[in-house]
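Please read them with the structure open.

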Amino acid sequence: TNASYVLRKLLSVMRLWRRSGTLLGLWRGVTVRTSYEQGYHSASYLGGEGQLDYDVIVVGGGHAGTEAASAAARTGAKTLLLTHKIHTIGEMSCNPSFGGIGKGHLVREIDALDGVCARCCDKAGINFRVLNRSKGPAVWGLRAQIDRDIYRQCVQDELLHNTPHLTVDSGEVEDLLINNTHSDQQREECAGVILGDGRKISAQTVVITTGTFLDAVIHIGTRSYPAGRRGDKPSIGLARTLKTLGFTVARLKTGTPPRIDGRTVDWSRCVVQAADERPIPFSFLNDAVAIEPANQISCYLTHTNSHVIDIVNTNLHESQYIKQDVLGPRYCPSLEAKIDRFPNLRHQVWLEPEGLHTDVVYPNGLSNTLPEHTQLQLLRAIRGLEHCDITQPGYGVQYDYIDPRQLKRSLETRLLPGLFLAGQINGTTGYEEAACQGLMAGVNAALKCQNRSAFTLDRTDGYIGVLIDDLTTQGAPEPYRMFTSRSEFRLSLRPDNADLRLTERGYNIGVVSESRYKRMSTVRQNLGEIKEILKGLVLPRRWWKQQMAEKSISVQDGPDMSVYDILKKYHQSDVGMLRTNDISTRLKYLIDLPFLAMRCKIEARYEDMLLKQLAVVEQVKSEENLILPEDINYSMLNVCNEAKEKLSITRPPTIGAAGRIPGVTPAAVTQLLYYVKNHHSNRGTDTAAQTDNTVS
């Protein structure tokens, strides 16, 4: 009403008068406006001399929010983390796991920058495995099943008790404070937040990490209701604010499977998958994980079948979610979507325990939005689950996200300076993708408060740089998930060397602790010394032949070989093979440090390959105008299915045009160039004919 509006205005003026102590403060005042209505209306005034409440405000306590708040506070910025419920900070809303192919690289890079999640995973992990071991270490996927309760408690302990400069509070952010220090509205900046209870909190920068909560709706069968997560309200006011400000907003969807009572599962009918005997920690600070391998628990594998397919097809009319045009995750689709796309395949179902002291099991692969009674029916059609009970039904969530092409590489919005976005609000999917964005947004929000240059990573620096470059240049027409195939620098951006790549850079901007930096420096020095020792241990080929009879080492050809040469050429060799030899005393400390030995071996393996990789990258840059054959069969490319699909539909005329297609990564462009030059070199145009026929 008009009366209440006038009252709010009077209260605002009185607050300012108290702050400034004079009417001159009103004249100096900076208008701070809400953005609920087009054209804005004045909400309150902040005196030009007024003290800001915080440097950085982070909205949301999920994986992006916790990393953003921690990172901002580590730089020394006075930081406030606002979340709906403090006790849900660090909650794993969907799957009880971290890492995987591509995702494990992100966790390692977050840790190299002193992030939170890797250390908490090492404390909460209950089943550690390295995926993709059949391939080279550059694409190994560090992964762990996580005890939800331990992880959540670890994150809360970190933020609530061990992070100086950080305040945590509960509150529902409904609107933003907009600061206009100029007559030109184009110079407006984000100046804080307005909570649902009317509180106004000022800050130099704001980081929004609302995940799937923006104007979110949950779907179970044909029933829908507003929620961002089961039991949690959506963020309606903030969604309206962002639209009013003029951001390009679209919709995405995701889902989660039903949870099962593990006491009702017949584990004997499933395939066991035990943890690795020697788990590799996520954090570079840890030489071992908290829970010993002997005390870790197994996961189990089962499959869908024709009966499950029949149940889903018969009940598709009861799934409102599957009828929507909104896109969901390509690489983690719902069961309905998988059966619709691959009707004759049986699909894997991983039964993943959610913790050491709970009977709840997460059936990875069964995300669906069918009615609860139908979910129970299809579960009981699966081997090992014939008598299972559901503890929580699966559901889908549809939510708003912001087109990430509206962001700078620092993750600050172009439209409203001082406002940063991170996580699923930018169109990504997954804990790891959210966490790395949160870290970068938090760091840059703090640096902006300190009038320092933004901290950015490019595609040559890390997978974080790949992710941000993909988002800010290509957007996210569907939920974005990280894979190693998205990077053209896979050989150098390995999980084992993330600390060597990033820790010093993080230390230089103040986000990495002194102790971590010293540990990395020691590792770097040790690796350098070890490499020189191994290169200096040169022995005749005949000696190597005797020690490694199973290897095809030629006794007659070539010069003598060093230990480093052996590690470089024979990938299955190991420093430990020298344990019983007369030179083992010089390598004893290396043999006794298996993780350091492994890193040295990996460095040797990729040394020559890295030089070839750089040559390929340079050739891609020089071949941007290479004309592509019209009849090229993109299904033959050694790239991900997404890139094949986009290339087949678009059929770009040149290599450069291919690289500008959303979803076609630079790594895919590299493979495309390799394929064209090797399979179409004699059929190309004049442009193609002028190019070299070899790609190293």
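1. Between which helix and which strand does the loop with His347 lie? The model is a predicted one, and in it His347 sits in the loop that runs between helix H9 (335–341) and strand E18 (348–353). With a relative accessibility of 9%, His347 counts as buried, because the cut-off for buried is under 20%. Leaving aside residues up to four places away in sequence, the contacts of His347 are Thr302, His303, Thr304, Lys338, Ile339 and Phe342.

2. Helix H8 (residues 306–314) has Val308, Ile309, Ile311 and Val312 as buried residues. These cover an arc of only 165° around the axis, so they lie on the same side of H8. The packing partners of the buried residues of H8 are H9 and helix H10 (372–379). On the face of H8 turned away from the buried side are the exposed residues Ser306 and Thr314.

3. How do H4 and H12 cross? Helix H4 (residues 103–112) packs with helix H12 (residues 463–474) at an angle of about 110°, and their axes are 8 Å apart. The two helices are therefore roughly perpendicular to each other, since angles of 65 to 115 degrees count as such. H4 contributes His105, Leu106, Glu109 and Ile110 to the contact, and H12 contributes Tyr463, Ile464 and Leu467. Sorted by class, the contact of H4 with H12 has five nonpolar residues, one polar and one charged.

4. Glu623 is placed in the loop between helix H18 (594–622) and helix H19 (641–650). Is Glu623 buried or exposed? Its relative accessibility is 9%, and Glu623 therefore counts as buried. Glu623 and Gly656 are 33 residues apart in sequence, while their C-alpha atoms are 7.9 Å apart in space.

5. On confidence, the average pLDDT of the protein chain is 85, and 84% of the residues score at least 70. Where pLDDT is low, predicted coordinates should not be read in detail.

Notes. Residues are numbered from 1 along each chain as its sequence is written. This is a predicted model: local features need pLDDT of at least 70, side-chain atom pairs count only at pLDDT 80 or more; totals for chains, interfaces and linings use all residues. Side-chain values use heavy atoms; hydrogens and water are left out. Axes are lines fitted to C-alpha atoms, for helices over the stretch in contact, and angles run from 0 to 180 degrees between N-to-C directions. Helices (H or I, at least four residues) and strands (E, at least two) are DSSP runs, numbered from the N terminus. Angles under 35 degrees count as roughly parallel, over 145 as roughly antiparallel, 65 to 115 as roughly perpendicular and the rest as oblique. Contact means heavy atoms within 4.5 Å. Ala, Val, Leu, Ile, Met, Phe, Trp, Tyr, Cys and Pro count as nonpolar, Asp, Glu, Lys and Arg as charged, and the others, Gly among them, as polar. Buried means under 20% relative accessible area, exposed over 50%, partly exposed in between (1.4 Å probe, protein chains only). pLDDT is the predictor's confidence in each residue, from 0 to 100. The arc is that of the directions from the helix axis to the C-beta atoms.
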